[in-house]
Amino acid sequence: MAMSISNAMIMLKQTSDTVSSTMSAGPLLGTYFLYLLMNELISILITLPLTIGLMKFFINANTYTHNVSDIFFIFKNNFRNVIKILFFRWLYTFLWSLLFIIPGIVKSYEYSMLTEILAENPALDRKRAFEITKAMTNGNKWRIFLFNFSFIGWLLLSCITFGIGSLFLTPYIDASFVQLYFELKENAIANGYATAEEFQFNIETQ
């Protein structure tokens, strides 16, 4: 009898500890998810538009028409449309990632040209923007992966310099990626997957 009471007391204590740990973990999980949400919002609303502006700077640099103001280009031109497309890119990638992660990685490469496409034409329709990036990356995902992987050595060296090297490496990578984008864009136009006009944006008509 005494043993039964003892066992009951132990089970009661374990149950109490479980409930207590669950209750204490609740606010921590809530805070963590709130942090993730805020991080994604900052990325979509600020970081990614600045990244698109930076890509526009490097795109224009090829014709010597670049200007520092290019970095803030999206905030003044079709900002809502760009934010909508960026949100759907995040959503699609997230949903595909639920299927054992790998499909999400594949989709991230499929959507990898959206940044440059929007840098050239932020007024492009959402559906059409996804169609073009899909056409541009079709058969080229492995090539894009190898392109990114080719910088792994430089990234490791950048870590050794406590990130200081990234100040020089990041612009170099972005400028190099723009050259890859130009090639894939020309192929898409040549194969009839897109038109040259779809990569053009007239500020005066907006």
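This report covers confidence, aromatic pairs, helix packing and a surface patch in a predicted model.

## Confidence

Mean pLDDT for the protein is 85. Of its residues, 84% reach 70 or more. Where pLDDT is low, the predicted coordinates should not be read in detail.

## Aromatic pairs

The count comes to 18 aromatic pairs. One of them joins Tyr111 and Phe130: ring centres 5.2 Å apart, planes at 85 degrees, so edge-to-face. Tyr111 sits in the loop between H4 and helix H5 (114–120), and Phe130 in helix H6, so the pair ties together parts 19 residues apart in sequence. Tyr111 and Phe130 are both buried. Ring pairs also link them with Phe87, Phe88, Trp90, Tyr92 and Phe94 into a cluster.

Tyr181 and Phe199 form an edge-to-face pair, at 6.5 Å centre to centre and 70 degrees between the planes. Tyr181 lies in helix H9 (residues 166–190) and Phe199 in the segment after H9, so this pair ties together parts 18 residues apart in sequence. Tyr181 is buried at 0% relative accessibility. Phe199 is buried too, with a relative accessible area of 5%.

## Packing of H4

Helix H4 (residues 102–110) has Gly104, Lys107, Tyr109 and Glu110 as its buried residues. They pack against helices H3 (79–97), H6 (126–137) and H7 (141–149).

## Nonpolar patch

A nonpolar surface patch covers about 810 Å², with Leu34, Leu37, Phe72 and Phe75 among its residues. Helix H1 (residues 2–61) gives the most, with 7 residues. Ile42, another patch member, lies in H1. Ile42 is partly exposed, with a relative accessible area of 43%.

Notes
Residues numbered from 1 in each chain as written. Predicted model: local features only at pLDDT ≥ 70, side-chain atom pairs only at ≥ 80, totals over all residues. Heavy atoms only, no water. Buried < 20%, exposed > 50% of the residue type's maximum accessible area, 1.4 Å probe, protein only. Helix = DSSP H or I, 4+ residues; strand = E, 2+ residues; numbered from the N terminus. Contact = heavy atoms within 4.5 Å. Patch = residues over 30% accessible without salt bridge, like charges linked within 9 Å, V, L, I, M, F, W, Y side chains within 5 Å. Areas by Shrake-Rupley, 256 points an atom, 1.4 Å probe, with all protein chains shown as cover. Salt bridge = Lys/Arg side-chain N within 4 Å of Asp/Glu carboxyl O. pLDDT = per-residue confidence, 0-100. Phe/Tyr/Trp six-rings, centres within 6.5 Å; stacked < 30°, edge-to-face > 60°.
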